[in-house]
Structure formats: structure tokens, C-alpha cells
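Please consult the sequence and the structure alongside the text.

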Amino acid sequence: MYRIPILQMGSALLVTIQVDMEDQTAVQLQDDLATRIETTGANGVLIDISALEIVDSFVGRMLASISGIARVLDATTVVVGMQPAVAITLVELGLSLQGVKTALNVKRGMLLLEQGQRGESLEPD
């Protein structure tokens, strides 16, 4: 099983998914992120999925689940780099990723997290 690295950047955690997500890898990422949020006190999680060309319903639900877990642990999650085909697939599967913030790229995602840390609205301009 492949383990996805989690990097700390200031008060945020950065996850770059470079491999196709298998179910076991997604579950391990969820567990690893929850542990890292708790141990580091991170208040933001940025998940870069720009390398993912396809997703299934399980991976879509896991992204929503990761966001929910992070929220309970007082951290905001932003998913960045979603390719159009992935967005279309998620919508076709009926997965709106409710509660998951999204941004086009890492720069915009980090801006969203910074706005949240300052107590500003997390809605993009």
C-alpha cells in the first residue's frame, strides 16, 4: 500500500496526491490526516488533486469525509487542482462534496486558508 505524504506549511498541512487513489490508500490518508491535525494543531488542510485524472464515488466520499473530520478537529479543508473531467464525474455521480472548499490552484487555495485564519469569509472573490 502506498502512503501519501503530508507536509506541514506553517499552520496548514499540504497533501499532494500523485497516485491513483485506491480505497485502502484513501482510508489511510483519512486516518493519517486526522492524526496529523491533532498532533500539529493545524488549522488548515490543502489537498492538491491535480494529478488525479479519474475518481470514483468512494474517493469522492473520502474527500468529503476528510473535510468533515478536519472541520470537527477545527481545521478548514480546501481541495485544489480539480481537473474538469474529475469535476464532471463527481457531479454525474451525484457527489457535490458539500462542505468542501475548492480552489483552482494551490495559490488560491492557500489564500482561502489564510482568509479563514484571519476570520474573513472563505468565499472566493
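## Terms and basis

A residue is buried under 20% relative accessible area, exposed over 50%, and partly exposed in between, with a 1.4 Å probe and protein chains only. The model is predicted: local features need pLDDT of at least 70, side-chain atom pairs count only at pLDDT 80 or more, and totals for chains, interfaces and linings use all residues. Residues are numbered from 1 along each chain as its sequence is written, and side-chain values use heavy atoms, without hydrogens and water.

## Overall fold

The chain contains 4 helices and 5 strands, taken as DSSP runs (H or I, at least four residues; E, at least two) numbered from the N terminus. From the N terminus, the order is β-β-α-β-α-β-α-β-α. Of the 125 residues, 41% are buried. The C-alpha atoms occupy a box of roughly 35 × 35 × 20 Å along the principal axes.

## Packing of H1 and H2

Helix H1 (residues 23-40) packs against helix H2 (residues 57-72) at about 10°, and the axes are 10 Å apart. Axes are lines fitted to C-alpha atoms over the stretch in contact, and angles run from 0 to 180 degrees between N-to-C directions. The two helices are therefore roughly parallel, a term for angles under 35 degrees.

Contact (heavy atoms within 4.5 Å) involves residues including Leu33 and Ile37 of H1 and Phe58 and Ile69 of H2.

## Gln30

Gln30 belongs to helix H1. Its relative accessibility is 16%, so Gln30 counts as buried. Leaving aside residues up to four places away in sequence, Gln30 touches Met62, Ser65, Ile66 and Ile69.

Conventions
Angles under 35 degrees count as roughly parallel, over 145 as roughly antiparallel, 65 to 115 as roughly perpendicular and the rest as oblique.
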